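Dear colleague,

I am handing over the structure below, and I would be glad if you could look through it with the notes that follow.

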Amino acid sequence: MIAELKKNEYEISESQSAKFWRDGHILLRGLADAEEIERFQPAIKNAAEKYSTETRKLAERDTYGKAFLQIMNLWRVDEEVKRFVFAKKFAQAAADLLGVEKVRLYHDQALFKEPDGGHTPWHQDQYYWALDTEKTITMWMPLVDISDETGMLTFASGSHEKGALGSLAISDESEQTYAKYIAENDFPIAKAGSMRAGDATFHLGWTIHSAGANLSKTKTREVMTVIYYADGARITPPENQNQINDIEAWMGGKTVGEPADSELNPILN
Ligand SMILES: O=C(O)CCC(=O)C(=O)O
């Protein structure tokens, strides 16, 4: 029997949505409860381990490779993970924060930062996405209790207001460039001191963000993410090779100018 995620809604207040749009990110405590995490953490962990294609030792990888094991669209290969990713409660929170009626799935991804794993460089997610909306949002949910020691997601508050800031993939170059830009623009840096499994942050596609290294020798930072965008978005002409790859991988055969509404991108709320 496949475990169901509870249907109870998580109320987003107008002031939370306003804060989200002011800062470009927000922390929601207890979005998934302990029972839900107990049910779904093993399924996500097993699927992430089963479908990870990384075989190199940490020392052999570049900065991006050291940052995390990244296993995408697990909903397509595991029915239990699909229940989690398709949870209305999560999608409705995303829609309420964005202030839109309906959101679609871009893709999910498990981001497991291994013991001794490196930092995640400063970057903007939407550099990768060929969509004609700024109403894009990522839910980032630890499946285990985490502290700063294992790599907390960290935001440059208000940086989303600047929109696209150059053509930079996640790299040493994005780290250096955005660190300088953040200092020059005095964006406040925000991160939670700790997060319980089931707490979640949400951030906009243009918010500059990063994460620390995993300094623990034994603990993996198990995080599951789901990326959503406002229904009605269309595919824009790709501006870099990563956007070409993303259209091919995640847009289900839809092409430039078409609504991003393929079967890989269902409405989830
Ligand atoms: O988990 C991390 O280390 C980075 C996550 C991230 O950049 C994202 O979810 O957009």
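A residue counts as buried when its relative accessible area is under 20%, and K89, in this predicted model, is therefore buried, with a relative accessible area of 4%. K89 forms a salt bridge with E36, and the closest N and O atoms of this pair are 3.0 Å apart. Because K89 lies in helix α5 (residues 88–98) and E36 in helix α2 (residues 34–51), the pair ties together parts that are 53 residues apart in sequence. E36 is buried as well, its relative accessible area being 1%.

Salt bridges in the model come to a count of 16, and two further ones deserve a description. R61 and E114, which are both buried, form a salt bridge whose closest N and O atoms are 2.9 Å apart. R61 lies in the loop between α2 and α3 (63–67), while E114 lies in the loop between β3 (103–113) and β4, so this pair connects parts that are 53 residues apart in sequence. R61 and E114 also belong to a network of salt bridges that links them with E54 and R56.

K219 forms a salt bridge with E149, with 3.5 Å between the closest N and O atoms. Here K219 sits in the loop between β11 (209–211) and β12 (221–230) and E149 in the loop between β6 and β7, so the pair ties together parts that are 70 residues apart in sequence. K219 is partly exposed, at a relative accessible area of 43%, and E149 is partly exposed at 34%.

Turning to the sheet, 4 strands form an open, antiparallel arrangement in the order β4-β11-β7-β8, in which the edge strands β4 (120–123) and β8 (189–190) each pair on one side only. Strand β7 (residues 153–156) pairs with β8 in the antiparallel sense over 2 bridges, and A156 has I189 in β8 as its bridge partner. Helix α6 (residues 172–185) packs on this sheet, where it touches β4, β7 and β8, and its direction makes about 55 degrees with that of β4.

Lastly, D145 is placed in the loop between β5 (136–142) and β6 (146–147), and it counts as partly exposed at 49% relative accessibility. Leaving aside residues up to four places away in sequence, D145 touches M195, R196 and A197. The side chain of D145 is joined to that of R196 by a polar contact of 3.4 Å, and it reaches the backbone nitrogen of A197 at 2.9 Å. D145 and E222, 77 residues apart in sequence, have their C-alpha atoms 9.0 Å apart in space.

Methods. Residues numbered from 1 in each chain as written. Predicted model: local features only at pLDDT ≥ 70, side-chain atom pairs only at ≥ 80, totals over all residues. Heavy atoms only, no water. Buried < 20%, exposed > 50% of the residue type's maximum accessible area, 1.4 Å probe, protein only. Contact = heavy atoms within 4.5 Å. Polar contact = N/O pair within 3.5 Å; in protein donor to acceptor, adjacent residues only side chain to side chain. Pairing = 2+ DSSP bridges. Axes fitted to C-alpha atoms, helices over the stretch in contact; angles between N-to-C directions. Salt bridge = Lys/Arg side-chain N within 4 Å of Asp/Glu carboxyl O.
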